Structure formats: C-alpha cells, structure tokens
Amino acid sequence: MKEKVALVTGATRGIGKAIAERLAQEGMCLALNGRNEENLKKVAEELKGKTEVFISPGDLSEREVPEQVVREAVAHFGGLDVLINNAGVALSRSLEETTLEEWEYQMAVNARAPFLLCRAALPYLRRSSVPTIINISSVVGSKGYVHQGAYTASKHALMGFTKVLARELHGEGIRVHVISPGGVATDLVATMRPDIPPETLIAPEEIAEIVWFLLTHRGNAVIDEINVRRISNEPWR
Ligand SMILES: NC(=O)c1ccc[n+]([C@@H]2O[C@H](COP(=O)([O-])OP(=O)(O)OC[C@H]3O[C@@H](n4cnc5c(N)ncnc54)[C@H](OP(=O)(O)O)[C@@H]3O)[C@@H](O)[C@H]2O)c1
C-alpha cells in the first residue's frame with residue numbers, strides 16, 4: 001500500500017481524520033476532502049513528513065462536488081487506488097418534524113455523494129493493482145433508531161447500492177466493503193446521542209484499524225460488511 005493513493009472524504013475530524021492518520025502512517029498518499037478548508041489544512045499540516053497529502057475541500061451535498069473531488073485527486077497524484085466514503089451528516093429529529101431540506105441534505109451527503117464518488121472513481125480504480133472502495137455506513141444501515149429517520153434512510157440507501165456494487169465489480173477484482181459502526185466517540189455522536197456514556201463509545205482509531213485490515217487482507221475470503229458494536233449493557237441492541 002506504500003505510495004498507493006487513497007481518497008478519504010470527511011477527513012477534517014472524527015473517523016475520517018483517524019483513517020487519514022492510519023493510512024499516512026503506512027506511507028499511503030492521501031487526497032482529503034471535507035467542508036472546512038482550514039481544518040483540512042491543519043490535518044495536512046499534522047501529517048506532513050509522514051506522507052504526501054493533497055486537500056480537496058468541498059461540500060459533497062452539491063451535485064458537482066463529488067466528481068470534482070475525484071478529478072482533483074487524480075490530477076494531483078496521477079491515479080487513484082482506494083476510495084473511502086466516510087463523510088456523513090446526521091440530524092436528530094422525529095420523522096414528523098424532519099423538513100424536506102433536512103431529508104434531502106442527509107440523503108445527498110450520505111447516499112448520493114458516495115454513489116457519485118464511486119462512479120467517478122471507477123475508471124481510475126480499474127487501472128490500480130489494489131482497487132478498493134470502503135463505505136462507512138452505520139448500525140442504522142440495517143436497524144431503525146427513533147429520531148434518526150432521515151439518517152437511517154440514507155444509510156439504508158448506502159448499504160443497498162454498496163451490496164450491488166460489490167457484486168457488479170467482483171469479477172474485475174475491485175473490492176467493495178462496508179463498515180457499519182455503532183457509537184464512535186466523535187462530534188456526530190456527541191450531538192446525536194449525548195445520553196451515551198462516553199467510556200462505552202468506540203474510538204475512531206478502532207475503525208481506522210479495521211480499514212487498514214480490509215486494505216491489507218488478501219486471500220479468498222470476500223468480506224462484504226463488518227459490523228462493529230460498542231460495549232453496552234443492552235447487548236440485544
Ligand atoms: N460517530 C458515530 O457514532 C458513527 C456511527 C456510525 C457511523 N458513523 C459514520 O461515520 C462517518 C464519519 O462520522 P464521524 O462520527 O466521524 O462524524 P463527524 O465527527 O461529525 O465528522 C464528519 C466528517 O464529515 C465531513 N462532512 C460532513 N458533511 C459534509 C459535506 N456536506 N461535504 C463534505 N464533507 C462533509 C465533515 O467535514 P467538516 O468538518 O468540514 O464539516 C467531517 O470531516 C459518517 O458517515 C457517519 O455517518 C458514525
């Protein structure tokens with residue numbers, strides 16, 4: 001994986017930043033996206049000396065941005081080997097109180113953008129010797145939690161297209177995985193679920209470690225999905 005190129009979305013903080021740090025540690029070249037350019041620059045600065053980092057700020061809810069982010073990464077590095085669709089947004093609302101704009105925004109960032117990023121990345125991944133897509137879904141990609149209706153719908157959509165893509169690309173040797181975490185200690189969960197005891201949350205670095213496992217795992221095992229639950233006194237959840 002050394003000097004292979006990975007595009008990581010949502011890399012300014014949380015899980016995406018931890019993934020960027022993990023891949024940088026292994027000498028992968030990184031194209032990083034997020035909305036906040038200042039924070040992206042800070043992450044790039046932190047990783048300086050470990051690897052080459054290119055930043056591509058942009059709001060993935062805008063239709064043209066996903067393709068632009070792939071184009072910029074490829075123009076900079078001359079290719080693309082790994083796509084990690086991590087950027088995501090979640091709003092805590094009952095479905096009745098969810099506005100059309102809130103519904104569409106979460107669908108755009110969590111489902112439409114990964115679809116557009118995958119589609120734009122494929123011609124370049126086909127030229128790679130280690131072509132891999134990893135989509136970060138959620139426990140709500142298969143379950144339904146109250147006050148997370150639009151978020152849940154968007155992650156179900158992400159799961160749905162990821163399952164199909166994995167099968168459509170299998171014959172070409174392009175690996176497509178999805179990781180579905182429970183509560184991870186990031187800003188997102190602090191806002192959505194302040195009731196969860198922080199000591200029971202998964203560390204972002206644990207998800208980054210699973211990404212690294214998926215990137216380096218070789219063999220005949222096809223891994224579609226990795227479900228990750230946090231420690232809980234409600235093990236049935
Ligand atoms: N935390 C959890 O408990 C948990 C559980 C399951 C799944 N997940 C999933 O894990 C992924 C990362 O979540 P996180 O917990 O690390 O969240 P986070 O700390 O809130 O970070 C979200 C990241 O996504 C970026 N982002 C948000 N909206 C964007 C947009 N419109 N365009 C471009 N970038 C955007 C943010 O960039 P800016 O900083 O520039 O805004 C930030 O880098 C998400 O897909 C989330 O659904 C999280």
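Which residue caps the N-terminal end of α2?

## Ends of helix α2

Asn36 does. One of its side-chain oxygens sits 3.0 Å from the backbone nitrogen of Glu38. This is read from a predicted model.

Beyond the helix comes Gly49. The phi of Gly49 is positive, near 95°.

## The buried side of α2

Helix α2 spans residues 37-47. Its buried residues are Leu40, Val43, Ala44 and Leu47. These four lie on the same side of α2, because the arc they cover around the axis is only 100°.

What lies over them? The cover for the buried residues of α2 includes helix α1 (14-25). Strands β2 (29-32) and β3 (53-55) are also among the covering elements.

## Packing of α1 against α2

The axes of α1 and α2 are 11 Å apart, and the packing angle is about 25°. The two helices are therefore roughly parallel, an label that applies to angles under 35 degrees. Their crossing is right-handed.

On the α1 side, the contact is made by Lys17, Ala20, Glu21 and Ala24. On the α2 side, Val43, Glu46 and Leu47 take part. Val43 and Leu47 also belong to the buried residues of α2.

## Arg22 in α1

Helix α1 also holds Arg22. Is Arg22 buried or exposed? Arg22 counts as buried because its relative accessible area is 12%, and the cut-off for buried is under 20%.

Which residues does Arg22 touch, leaving aside its neighbours within four places in sequence? Arg22 is in contact with Ala208, Glu209 and Trp212.

Methods:
Residues are numbered from 1 along each chain as its sequence is written. This is a predicted model: local features need pLDDT of at least 70, side-chain atom pairs count only at pLDDT 80 or more; totals for chains, interfaces and linings use all residues. Side-chain values use heavy atoms; hydrogens and water are left out. Buried means under 20% relative accessible area, exposed over 50%, partly exposed in between (1.4 Å probe, protein chains only). The arc is that of the directions from the helix axis to the C-beta atoms. Contact means heavy atoms within 4.5 Å. A polar contact is a pair of N or O atoms within 3.5 Å; within protein, one must be able to donate a hydrogen and the other to accept it, and residues adjacent in sequence count only if both atoms are side-chain atoms. Axes are lines fitted to C-alpha atoms, for helices over the stretch in contact, and angles run from 0 to 180 degrees between N-to-C directions. Angles under 35 degrees count as roughly parallel, over 145 as roughly antiparallel, 65 to 115 as roughly perpendicular and the rest as oblique. A crossing is left-handed if the near helix is turned anticlockwise from the far one by less than a right angle, and right-handed if clockwise.
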